[in-house]
Amino acid sequence: MQAQKPRGTADIFSPEVERWQHVEGVARNLCREYNYGEIRIPEFEHTELFLRIGEVTDIVQKEMYTFLDRGGRSLTLRPEGTVGVARSFIENKLYGGVLPVKFYYLGPMFRYERPQAGRGRQFHQFGVEVFGASGPWADAETILLAVDLFKRLGLTDLAVLLNSLGCPDCRPAYRQQVLAYYQDYRHQLCRACRERMDRNPLRLLDCKEETCRSLLADAPRATEALCPECDSHFETVQAFLAGAGANSRVEPRLVRGLDYYTRTVYEVVSKDLGAQNTVCGGGRYDGLVEALGGPPTPAVGFALGLERLLSILKTQGRTATAGRPLDVFVVATGESSRKQAPRLAQRLRHAGYATDVDFLDRSVKAQMKHAGRVGARTVLMLGDAELATGQVLVRHMASGRQDVLELGDLEPGVAAVLGRKDG
Ligand code: HAM
């Protein structure tokens with residue numbers, strides 16, 4: 001048997017996992033404040049669902065984990081959350097209820113990509129999706145929520161890049177302009193881009209190859225090709241953001257890796273991320289619900305990569321979290337106290353103290369050493385003689401100070417010792 005995880009996956013465990021829980025906790029809290037409810041959808045869907053979002057999308061074409069189940073059905077591990085959430089919105093007829101519907105999700109996504117720093121085959125997203133709101137405030141609110149998350153985590157040096165890709169009325173003309181521009185340079189383009197010219201010319205703007213990138217500076221700007229309605233929508237999004245004090249920058253050639261977007265698209269990038277510098281991406285996708293068989297429903301949302309977010313936190317030295325503090329370690333020093341120790345531990349746990357106890361029958365010295373290693377804030381020392389008189393000894397580890405506590409008054413006694421700064 002091979003005791004090795006698949007490429008592009010990670011084991012996340014304590015103490016690292018406490019950093020995840022901290023970020024997830026801040027995100028959940030923020031969603032409560034913004035009135036977004038959680039949605040949990042399957043981690044796999046019918047392959048057909050993802051195919052409907054675009055045969056020209058790289059993620060769909062080349063990066064899906066698709067398999068046949070034992071019943072011969074083609075299923076796919078979700079490469080992203082938006083499509084599944086939209087499917088759920090339709091299937092549960094949420095369009096018939098109170099709108100807008102505002103959801104958030106946290107969980108793993110799967111893409112068969114070449115693994116590198118900041119790019120995994122299983123990675124985790126925190127995302128939000130809003131259905132049933134066509135106005136620009138909805139776009140701005142999702143961006144502000146993302147910006148607030150970064151702020152609350154203490155992150156700096158992040159840039160919000162904004163663009164508008166227009167609507168089915170004005171986008172075809174822009175697409176044509178982009179195509180015409182690149183036609184002249186066809187021979188200079190990378191092979192993938194030459195293919196993109198025929199299938200999906202807007203993605204030419206997103207190519208990371210040096211020669212293709214050098215052509216970007218003079219490529220047509222999406223913002224100059226917008227119809228009056230899209231233009232006004234985009235202007236208002238920017239005005240809302242500015243009014244809320246959020247910095248953003250229009251990047252008129254920003255396009256996204258998924259092809260369901262209409263109007264606003266945005267990304268949050270960090271210089272602390274290297275090549276994979278996008279931590280958050282999103283935008284409006286007014287045509288998706290209808291394309292999946294639901295009624296026409298405007299929608300907007302984003303997803304951010306938790307691995308990338310945690311990596312920026314590390315680089316910026318924002319790793320401090322409460323950790324997993326252990327309030328009490330119970331050390332037994334005699335025969336009968338060994339029997340008492342687990343009971344006392346239970347008593348303290350039920351009073352709300354994180355408590356651990358030796359169950360390897362170790363010597364007192366070894367138990368004390370262990371208590372130090374696991375970072376116990378106090379040690380409760382149970383000796384047979386003290387127990388007989390209804391007392392225990394408590395040691396405050398940071399100061400080394402020891403006190404005698406009455407067993408009957410154990411909980412308030414422990415509280416007092418834990419509450420003391422100097423022990
Ligand atoms: P996306 O840009 O494909 O958008 O992914 C969003 C974020 O997920 C990226 O900015 C990145 O931080 C993270 N991410 C993507 N792929 C990987 C990977 N292989 N390894 C590590 N992190 C990764 C979406 O997924 C859309 N569903 C966003 C959205 C929601 N649009 C509207 N609503």
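Residues are numbered from 1 along each chain as its sequence is written. In this predicted model local features need pLDDT of at least 70 and side-chain atom pairs pLDDT 80 or more, while totals for chains, interfaces and linings use all residues, and side-chain values rest on heavy atoms, without hydrogens and water.

Visitor: What distance separates the centres of domain 1 and domain 2?
Guide: The assignment, automatic or from a database, gives domain 1 as 16–170 + 226–315 and domain 2 as 328–419. Taken over C-alpha atoms, their centres are separated by 49 Å.

Visitor: Are H1 and H11 roughly parallel or roughly perpendicular?
Guide: Helices are DSSP runs of H or I with at least four residues, strands are runs of E with at least two, and both are numbered from the N terminus. The axes of H1 (residues 16–33) and H11 (residues 306–315), lines fitted to C-alpha atoms over the stretch in contact, come within 11 Å and cross at roughly 105°, on a scale of 0 to 180 degrees between N-to-C directions. Angles under 35 degrees count as roughly parallel, over 145 as roughly antiparallel, 65 to 115 as roughly perpendicular and the rest as oblique. H1 and H11 are therefore roughly perpendicular.

Visitor: Which residues of H15 make the contact with H12?
Guide: The axes of H12 (residues 335–350) and H15 (residues 410–419) come within 10 Å, crossing at roughly 70°. Contact means heavy atoms within 4.5 Å. From H12, Leu344, Arg347 and Leu348 take part, and their partners in H15 are Leu410, Glu411 and Val414.

Visitor: How many residues apart in sequence are the parts tied together by Phe44 and Phe67?
Guide: Rings of Phe, Tyr and Trp (its six-membered ring) pair if their centres lie within 6.5 Å; planes under 30 degrees apart are stacked, over 60 edge-to-face and the rest tilted. The count is twelve aromatic pairs, and Phe44 with Phe67 is edge-to-face, at 6.4 Å centre to centre and 70° between the planes. Because Phe44 lies in strand E2 (residues 44–46) and Phe67 in strand E3 (residues 65–68), the pair ties together parts whose separation in sequence is 23 residues.

Visitor: Is Glu113 buried or exposed?
Guide: Glu113 lies in the loop between strand E5 (101–110) and strand E6 (122–131). Beyond neighbours within four places in sequence, Glu113 contacts Glu63, Arg119, Gly120 and Arg121. Buried means under 20% relative accessible area, exposed over 50% and partly exposed in between (1.4 Å probe, protein chains only). With a relative accessibility of 18%, Glu113 counts as buried.
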